Amino acid sequence: FKQRIKLCVLRLGDEWERFAFCFPEKKALPNTLQSFSTVIGLDVQLSDSIIVRAEGQPGLYNSGLGHLDWDDFNLPFFAGGTYIFSPNLQLVLGVSVDVERSYPVLPAAGLRWKLGPQWLLNAVLPTPRLEYEMNRYLSLYAGATVKETSYRVDGDFGTAHGISRLDNAILTYSEVRTGAGFDWKISPIVTFTGEVGYQPYRDFDFYRADVRYHQDGGAPYGTISLHGAF
């Protein structure tokens with residue numbers, strides 16, 4: 001939902017994200033990570049060339065659908081600015097903050113460059129990509145996704161795996177994906193996205209408990225999602 005008010009554009013929404021894994025029972029890793037969050041954002045145009053954006057995602061970040069608790073609450077957010085160099089080129093600078101993450105503050109920079117009538121280089125973290133617009137409804141893209149989010153595991157998670165200090169512990173999950181996909185605008189407010197690719201990096205870090213699991217080998221992946229905005 002977007003609404004223009006006196007000094008800015010207000011953005012509101014909800015987001016549910018879920019990761020499902022298949023680890024052996026002896027490994028002290030959750031088979032599910034998920035988040036239920038509200039998206040609250042503001043876009044402010046300071047001048048003809050500078051736009052500032054801030055967005056917070058307060059919500060519950062945990063490892064199980066049946067164990068929702070206010071201990072799972074977190075409020076990651078980011079803030080950044082866009083400099084419009086020309087109609088075809090914009091420069092972006094920002095910072096992501098999550099106080100529960102192993103690295104609480106992560107800076108980012110990038111650019112959006114329209115290379116031609118149908119080509120767009122959207123080189124901005126966390127999803128840098130090269131996009132090709134086939135028509136007004138369908139776009140193809142190739143690129144990467146860089147993700148680092150913190151979750152709280154269940155109160156008896158560590159005891160169940162023989163490592164009691166992991167009970168109710170904070171886990172920072174990090175991954176890098178490279179792939180290709182499509183965005184299909186089913187209607188003016190609904191977009192369907194599909195993507196396949198390869199995941200070369202994945203890391204599970206209980207940094208406060210000094211327990212870390214790193215995936216040495218990669219794996220293929222596939223995702224589908226449905227987005228709505230009005």
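Which residues line the second largest pocket? Let me take that step by step.

This is a predicted model, where local features need pLDDT of at least 70, side-chain atom pairs count only at pLDDT 80 or more, and totals for chains, interfaces and linings use all residues. Residues are numbered from 1 along each chain as its sequence is written, and side-chain values use heavy atoms, with hydrogens and water left out.

Now the pocket. On a 1 Å grid over the protein atoms alone, a pocket is an open set of points where a 1.4 Å probe fits, with protein on both sides within 12 Å along at least five of seven lines; lining residues have an atom within 4 Å of a point. The answer is K2, R4, L7, C8, V9, R11, D43, V44, Q45, I51 and R53. Strands β1 (2-4), β2 (9-20), β3 (32-45) and β4 (50-56) each give two or more; strands are DSSP E runs of at least two residues, numbered from the N terminus. The largest share, three residues, comes from β3.

C8 counts as buried because its relative accessibility is 10%, and C22 counts as exposed because its value is 76%. Buried means under 20% relative accessible area, exposed over 50% (1.4 Å probe, protein chains only). The structure holds zero disulfides, meaning pairs of cysteine sulfur atoms within 2.5 Å.

Last, the core. The largest nonpolar core has 19 residues, and F21 is among those with the most contacts inside it. Such a core is a set of buried Ala, Val, Leu, Ile, Met, Phe, Trp, Tyr and Cys residues joined through side-chain atoms within 4.5 Å. Strands β13 (170-185), β14 (190-206) and β15 (211-215) each give two or more residues.

Methods: Helix = DSSP H or I, 4+ residues; strand = E, 2+ residues; numbered from the N terminus.
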